[in-house]
Amino acid sequence: MTTQELNKLVTKFRRLPATDECSLAEIRANFVYLEKALPTPDDARIEVLDAGGVAAEWVSAPNVVKDADKALLYLHGGGYVYCGPGTHRLLAYNLSAATGMPCLLPDYRLAPEHPYPAAIEDAVAAYGWMLTQGYGADRLAVAGDSAGGGLALATMSRLRQLGQPLPAAAACLSPWTDLTMTGASIRGKVAADPLVKPTSLERCAAWYLGDGDRADPLASPLLGDLTGLPPLLIQVGGEEILLDDASRLAAQAEAAGVTVAYQCWDQMFHVWQLYTPMLSEARDAITGLGDFLGQHVD
(Lines give C-alpha, C1' and ligand atoms only; values in the text may rest on other atoms or scores of the structure.)
Protein backbone atom coordinates (compact mmCIF):
# COMPACT_ATOMS: atom_id res chain seq x y z
CA MET A 1 0.00 0.00 0.00
CA THR A 2 1.48 3.33 -1.09
CA THR A 3 -0.36 5.24 1.65
CA GLN A 4 1.42 8.56 1.19
CA GLU A 5 0.83 8.66 -2.57
CA LEU A 6 -2.77 7.52 -2.13
CA ASN A 7 -3.44 10.29 0.37
CA LYS A 8 -1.82 12.86 -1.93
CA LEU A 9 -4.02 11.81 -4.82
CA VAL A 10 -7.21 11.76 -2.78
CA THR A 11 -6.43 15.21 -1.38
CA LYS A 12 -5.80 16.52 -4.89
CA PHE A 13 -9.04 15.02 -6.17
CA ARG A 14 -11.06 16.60 -3.39
CA ARG A 15 -9.66 20.01 -4.35
CA LEU A 16 -10.77 19.71 -7.97
CA PRO A 17 -13.79 21.80 -9.00
CA ALA A 18 -17.04 19.89 -8.62
CA THR A 19 -18.08 18.86 -12.12
CA ASP A 20 -21.74 19.64 -11.41
CA GLU A 21 -20.68 23.25 -10.89
CA CYS A 22 -18.82 23.50 -14.21
CA SER A 23 -19.95 23.82 -17.79
CA LEU A 24 -19.29 20.92 -20.13
CA ALA A 25 -16.51 22.89 -21.80
CA GLU A 26 -14.89 23.51 -18.42
CA ILE A 27 -15.17 19.82 -17.47
CA ARG A 28 -13.51 18.78 -20.71
CA ALA A 29 -10.75 21.33 -20.23
CA ASN A 30 -10.17 20.19 -16.64
CA PHE A 31 -9.61 16.61 -17.75
CA VAL A 32 -6.62 17.68 -19.78
CA TYR A 33 -4.74 17.41 -16.47
CA LEU A 34 -4.71 13.65 -16.97
CA GLU A 35 -2.66 14.02 -20.14
CA LYS A 36 -0.13 16.17 -18.28
CA ALA A 37 -0.04 14.08 -15.12
CA LEU A 38 0.10 10.74 -16.92
CA PRO A 39 2.41 11.11 -19.93
CA THR A 40 2.94 8.19 -22.25
CA PRO A 41 6.51 6.77 -22.21
CA ASP A 42 8.77 7.76 -25.07
CA ASP A 43 9.05 4.15 -26.23
CA ALA A 44 5.29 3.87 -26.91
CA ARG A 45 4.39 3.11 -30.51
CA ILE A 46 1.37 5.16 -31.52
CA GLU A 47 -0.32 4.98 -34.90
CA VAL A 48 -3.24 7.28 -35.70
CA LEU A 49 -5.71 5.67 -38.09
CA ASP A 50 -9.26 5.31 -39.31
CA ALA A 51 -10.88 2.18 -37.85
CA GLY A 52 -14.00 1.56 -39.90
CA GLY A 53 -14.87 5.23 -40.04
CA VAL A 54 -13.89 5.87 -36.41
CA ALA A 55 -10.83 7.93 -35.51
CA ALA A 56 -8.56 5.75 -33.39
CA GLU A 57 -5.03 5.02 -32.27
CA TRP A 58 -3.04 1.83 -32.11
CA VAL A 59 -1.04 2.01 -28.87
CA SER A 60 1.67 -0.58 -28.34
CA ALA A 61 4.36 -1.16 -25.75
CA PRO A 62 7.86 -1.96 -27.10
CA ASN A 63 7.57 -5.63 -26.09
CA VAL A 64 4.57 -6.12 -28.40
CA VAL A 65 5.11 -7.58 -31.84
CA LYS A 66 3.75 -5.13 -34.42
CA ASP A 67 1.99 -7.85 -36.40
CA ALA A 68 0.65 -9.76 -33.37
CA ASP A 69 -2.35 -11.92 -34.19
CA LYS A 70 -4.24 -10.85 -31.06
CA ALA A 71 -5.40 -7.41 -29.97
CA LEU A 72 -7.32 -5.44 -27.35
CA LEU A 73 -10.13 -2.96 -28.05
CA TYR A 74 -10.12 -0.39 -25.22
CA LEU A 75 -13.06 1.98 -24.66
CA HIS A 76 -12.19 4.99 -22.53
CA GLY A 77 -14.39 6.34 -19.77
CA GLY A 78 -15.65 9.85 -19.18
CA GLY A 79 -19.40 9.62 -18.72
CA TYR A 80 -19.92 9.37 -22.51
CA VAL A 81 -19.23 13.13 -22.68
CA TYR A 82 -15.52 13.77 -22.03
CA CYS A 83 -12.01 12.25 -22.11
CA GLY A 84 -10.47 10.58 -25.15
CA PRO A 85 -7.32 8.85 -26.35
CA GLY A 86 -5.10 11.50 -24.77
CA THR A 87 -6.40 10.92 -21.26
CA HIS A 88 -6.20 7.13 -21.56
CA ARG A 89 -3.11 6.60 -23.69
CA LEU A 90 -0.89 5.63 -20.74
CA LEU A 91 -3.49 3.10 -19.58
CA ALA A 92 -3.63 1.65 -23.09
CA TYR A 93 0.17 1.46 -23.16
CA ASN A 94 0.26 -0.31 -19.80
CA LEU A 95 -2.42 -2.78 -20.88
CA SER A 96 -0.49 -3.45 -24.08
CA ALA A 97 2.64 -4.19 -22.05
CA ALA A 98 0.72 -6.42 -19.63
CA THR A 99 -1.15 -8.41 -22.28
CA GLY A 100 1.37 -8.50 -25.12
CA MET A 101 -1.34 -7.11 -27.40
CA PRO A 102 -1.55 -3.90 -29.41
CA CYS A 103 -4.37 -1.79 -28.03
CA LEU A 104 -6.88 -0.06 -30.30
CA LEU A 105 -8.11 3.13 -28.61
CA PRO A 106 -11.10 4.60 -30.48
CA ASP A 107 -11.92 8.29 -30.26
CA TYR A 108 -15.63 7.50 -30.28
CA ARG A 109 -18.17 10.28 -30.65
CA LEU A 110 -19.22 12.02 -27.44
CA ALA A 111 -22.54 13.36 -26.19
CA PRO A 112 -24.31 15.72 -26.09
CA GLU A 113 -23.16 16.56 -29.62
CA HIS A 114 -23.52 12.88 -30.52
CA PRO A 115 -25.96 11.25 -28.09
CA TYR A 116 -26.87 7.60 -27.65
CA PRO A 117 -26.35 5.34 -29.57
CA ALA A 118 -23.41 7.04 -31.34
CA ALA A 119 -20.81 5.66 -28.93
CA ILE A 120 -22.12 2.11 -29.38
CA GLU A 121 -22.19 2.49 -33.15
CA ASP A 122 -18.56 3.62 -33.14
CA ALA A 123 -17.41 0.85 -30.82
CA VAL A 124 -19.17 -1.78 -32.94
CA ALA A 125 -17.62 -0.28 -36.08
CA ALA A 126 -14.12 -0.32 -34.57
CA TYR A 127 -14.54 -3.94 -33.50
CA GLY A 128 -15.80 -4.86 -36.95
CA TRP A 129 -12.80 -3.14 -38.49
CA MET A 130 -10.51 -5.26 -36.33
CA LEU A 131 -12.17 -8.39 -37.72
CA THR A 132 -11.53 -7.15 -41.26
CA GLN A 133 -7.84 -6.75 -40.40
CA GLY A 134 -7.55 -10.49 -39.93
CA TYR A 135 -8.07 -10.78 -36.18
CA GLY A 136 -10.28 -13.71 -35.26
CA ALA A 137 -12.85 -12.97 -32.57
CA ASP A 138 -11.19 -15.63 -30.42
CA ARG A 139 -8.01 -13.54 -30.56
CA LEU A 140 -9.66 -10.30 -29.43
CA ALA A 141 -10.49 -8.83 -26.04
CA VAL A 142 -12.63 -5.81 -25.16
CA ALA A 143 -12.15 -3.63 -22.08
CA GLY A 144 -13.18 -0.25 -20.76
CA ASP A 145 -13.39 1.90 -17.66
CA SER A 146 -16.33 3.73 -16.10
CA ALA A 147 -18.73 4.60 -18.93
CA GLY A 148 -16.32 2.73 -21.18
CA GLY A 149 -16.93 -0.36 -19.08
CA GLY A 150 -20.65 -0.03 -19.66
CA LEU A 151 -19.94 0.65 -23.32
CA ALA A 152 -17.88 -2.56 -23.57
CA LEU A 153 -20.88 -4.53 -22.29
CA ALA A 154 -23.31 -2.67 -24.56
CA THR A 155 -21.02 -3.25 -27.53
CA MET A 156 -21.00 -6.99 -26.93
CA SER A 157 -24.79 -7.00 -26.55
CA ARG A 158 -25.14 -5.13 -29.83
CA LEU A 159 -22.71 -7.50 -31.56
CA ARG A 160 -24.80 -10.41 -30.34
CA GLN A 161 -27.95 -8.75 -31.74
CA LEU A 162 -26.18 -8.37 -35.09
CA GLY A 163 -25.07 -12.00 -35.12
CA GLN A 164 -21.41 -11.04 -34.88
CA PRO A 165 -18.88 -13.17 -32.98
CA LEU A 166 -18.00 -11.96 -29.50
CA PRO A 167 -14.44 -11.50 -28.25
CA ALA A 168 -12.66 -14.15 -26.22
CA ALA A 169 -12.64 -12.09 -23.01
CA ALA A 170 -13.67 -8.75 -21.57
CA ALA A 171 -12.69 -6.54 -18.65
CA CYS A 172 -14.58 -3.73 -16.92
CA LEU A 173 -12.77 -1.23 -14.69
CA SER A 174 -15.07 0.64 -12.27
CA PRO A 175 -17.92 0.18 -14.77
CA TRP A 176 -20.99 2.40 -14.94
CA THR A 177 -23.66 -0.16 -15.78
CA ASP A 178 -26.93 1.31 -14.48
CA LEU A 179 -27.97 4.74 -15.72
CA THR A 180 -31.19 4.45 -13.68
CA MET A 181 -28.91 4.95 -10.66
CA THR A 182 -30.50 2.36 -8.39
CA GLY A 183 -27.36 1.03 -6.70
CA ALA A 184 -27.29 1.65 -2.94
CA SER A 185 -23.66 2.81 -3.14
CA ILE A 186 -24.68 5.75 -5.35
CA ARG A 187 -25.82 7.44 -2.15
CA GLY A 188 -24.11 5.32 0.47
CA LYS A 189 -20.56 6.02 -0.73
CA VAL A 190 -20.90 9.74 -1.44
CA ALA A 191 -18.70 10.80 1.46
CA ALA A 192 -16.05 8.19 0.68
CA ASP A 193 -15.75 8.77 -3.08
CA PRO A 194 -13.30 11.60 -3.83
CA LEU A 195 -14.00 11.73 -7.57
CA VAL A 196 -17.56 10.91 -8.64
CA LYS A 197 -20.80 12.45 -7.38
CA PRO A 198 -24.41 11.42 -8.11
CA THR A 199 -25.17 14.85 -9.54
CA SER A 200 -22.32 14.48 -12.02
CA LEU A 201 -23.61 11.09 -13.14
CA GLU A 202 -27.10 12.55 -13.54
CA ARG A 203 -25.77 15.27 -15.84
CA CYS A 204 -23.82 12.78 -17.93
CA ALA A 205 -26.84 10.49 -18.25
CA ALA A 206 -28.98 13.42 -19.37
CA TRP A 207 -26.38 14.54 -21.92
CA TYR A 208 -26.02 11.01 -23.24
CA LEU A 209 -29.67 9.95 -23.36
CA GLY A 210 -31.69 13.16 -23.37
CA ASP A 211 -35.29 12.08 -22.86
CA GLY A 212 -34.43 8.49 -23.79
CA ASP A 213 -35.10 5.45 -21.66
CA ARG A 214 -32.38 4.99 -19.04
CA ALA A 215 -33.54 1.40 -18.58
CA ASP A 216 -32.71 0.55 -22.19
CA PRO A 217 -30.35 -2.45 -21.85
CA LEU A 218 -27.91 -0.91 -24.31
CA ALA A 219 -27.72 2.19 -22.10
CA SER A 220 -27.82 0.27 -18.80
CA PRO A 221 -26.26 -3.15 -19.50
CA LEU A 222 -26.93 -4.27 -15.94
CA LEU A 223 -30.62 -4.40 -16.92
CA GLY A 224 -30.03 -6.50 -20.02
CA ASP A 225 -29.49 -10.16 -20.82
CA LEU A 226 -25.90 -11.07 -19.99
CA THR A 227 -26.18 -14.65 -21.24
CA GLY A 228 -23.43 -15.71 -23.60
CA LEU A 229 -20.88 -13.06 -22.67
CA PRO A 230 -17.24 -14.17 -22.67
CA PRO A 231 -15.20 -14.54 -19.46
CA LEU A 232 -15.39 -11.24 -17.65
CA LEU A 233 -13.01 -9.53 -15.22
CA ILE A 234 -14.52 -6.76 -13.09
CA GLN A 235 -12.32 -4.48 -10.98
CA VAL A 236 -13.81 -1.83 -8.69
CA GLY A 237 -12.59 0.33 -5.82
CA GLY A 238 -14.06 -0.10 -2.37
CA GLU A 239 -14.61 3.65 -1.99
CA GLU A 240 -16.62 4.21 -5.19
CA ILE A 241 -20.22 5.25 -5.55
CA LEU A 242 -20.28 2.84 -8.51
CA LEU A 243 -19.36 -0.11 -6.28
CA ASP A 244 -22.84 -1.61 -6.61
CA ASP A 245 -22.81 -1.17 -10.40
CA ALA A 246 -19.85 -3.54 -10.40
CA SER A 247 -20.94 -6.00 -7.67
CA ARG A 248 -24.44 -6.40 -9.13
CA LEU A 249 -22.94 -6.91 -12.59
CA ALA A 250 -20.76 -9.69 -11.22
CA ALA A 251 -23.70 -11.40 -9.50
CA GLN A 252 -26.02 -11.16 -12.49
CA ALA A 253 -23.38 -12.25 -14.97
CA GLU A 254 -22.59 -15.30 -12.85
CA ALA A 255 -26.32 -16.07 -12.61
CA ALA A 256 -26.44 -15.93 -16.43
CA GLY A 257 -23.67 -18.52 -16.67
CA VAL A 258 -20.80 -16.15 -17.43
CA THR A 259 -17.34 -16.90 -16.05
CA VAL A 260 -16.65 -13.92 -13.78
CA ALA A 261 -13.59 -12.76 -11.85
CA TYR A 262 -14.72 -10.01 -9.46
CA GLN A 263 -12.12 -7.93 -7.62
CA CYS A 264 -13.03 -5.22 -5.11
CA TRP A 265 -9.89 -3.31 -4.15
CA ASP A 266 -9.89 -1.93 -0.61
CA GLN A 267 -9.50 1.87 -0.28
CA MET A 268 -9.29 2.41 -4.04
CA PHE A 269 -11.11 5.18 -5.90
CA HIS A 270 -12.67 5.37 -9.36
CA VAL A 271 -10.41 3.98 -12.11
CA TRP A 272 -7.29 3.99 -9.96
CA GLN A 273 -5.66 1.85 -12.67
CA LEU A 274 -4.85 5.07 -14.51
CA TYR A 275 -2.34 6.11 -11.87
CA THR A 276 0.46 3.58 -12.32
CA PRO A 277 3.25 6.16 -11.83
CA MET A 278 1.96 6.84 -8.30
CA LEU A 279 0.22 3.73 -6.96
CA SER A 280 1.47 0.18 -6.55
CA GLU A 281 -2.21 -0.86 -6.48
CA ALA A 282 -2.61 0.50 -9.99
CA ARG A 283 0.40 -1.46 -11.21
CA ASP A 284 -0.86 -4.61 -9.48
CA ALA A 285 -4.32 -4.19 -10.99
CA ILE A 286 -2.84 -3.84 -14.47
CA THR A 287 -0.82 -7.01 -13.90
CA GLY A 288 -4.02 -8.79 -12.91
CA LEU A 289 -5.77 -7.54 -16.05
CA GLY A 290 -2.90 -8.78 -18.16
CA ASP A 291 -2.96 -12.20 -16.51
CA PHE A 292 -6.73 -12.58 -16.96
CA LEU A 293 -6.86 -11.45 -20.58
CA GLY A 294 -3.75 -13.44 -21.42
CA GLN A 295 -5.34 -16.57 -19.94
CA HIS A 296 -8.35 -16.30 -22.24
CA VAL A 297 -6.69 -14.84 -25.35
CA ASP A 298 -3.68 -17.09 -25.77
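On a 1 Å grid over the protein atoms alone, a cavity is a set of points where a 1.4 Å probe fits but cannot get out, and lining residues are those with an atom within 4 Å of a point. A volume is the space filled by probe spheres set on the points, with grid points joined across faces, edges and corners. What we're looking at is a predicted model, where local features need pLDDT of at least 70, side-chain atom pairs count only at pLDDT 80 or more, and totals for chains, interfaces and linings use all residues. Residues are numbered from 1 along each chain as its sequence is written, and side-chain values use heavy atoms, leaving out hydrogens and water.

Helices here are DSSP runs (H or I, at least four residues), numbered from the N terminus. Sorted by class, the lining of the largest cavity has six nonpolar residues, no polar ones and one charged. For these classes, Ala, Val, Leu, Ile, Met, Phe, Trp, Tyr, Cys and Pro count as nonpolar, Asp, Glu, Lys and Arg as charged, and the others, Gly among them, as polar.

The second largest cavity has a volume of about 30 Å³. Its lining is made up of Thr19, Asp20, Ile27, Tyr82, Ser200, Arg203, Cys204 and Trp207. Helix α8 (residues 198-209) gives the most here, with four residues. This lining divides into four nonpolar, two polar and two charged residues.

Now for an open space. A pocket is an open set of grid points with protein on both sides within 12 Å along at least five of seven lines. The largest pocket has a volume of about 630 Å³. Of the 36 residues lining the largest pocket, Thr19, Phe31, Tyr82, Leu195 and Val196 lie nearest its centre. The elements giving two or more residues to this lining are α1, α2 (24-30), α3 and α8, and the largest share, three residues, comes from α8. By class, the pocket lining has 22 nonpolar, nine polar and five charged residues.

Next, see how some helices pack. The axes of α4 (residues 85-99) and α10 (residues 280-296) come within 8 Å and cross at roughly 50°. Axes are lines fitted to C-alpha atoms, for helices over the stretch in contact, and angles run from 0 to 180 degrees between N-to-C directions. That angle is why α4 and α10 are oblique to each other, a word for whatever is left once angles under 35 degrees count as roughly parallel, over 145 as roughly antiparallel and 65 to 115 as roughly perpendicular. In this contact (heavy atoms within 4.5 Å), α4 brings Leu91, Asn94, Leu95, Ala98 and Thr99, while α10 brings Ile286, Leu289, Gly290 and Leu293. Six of these contact residues are nonpolar, three are polar and none is charged.

Finally, the axes of α5 (residues 118-132) and α6 (residues 147-161) come within 9 Å and cross at roughly 70°, so α5 and α6 are roughly perpendicular to each other. Here Ala119, Ile120, Ala123, Val124 and Tyr127 of α5 meet Leu151, Ala154, Thr155, Arg158 and Leu159 of α6. Eight residues of this contact are nonpolar, one is polar and one is charged.
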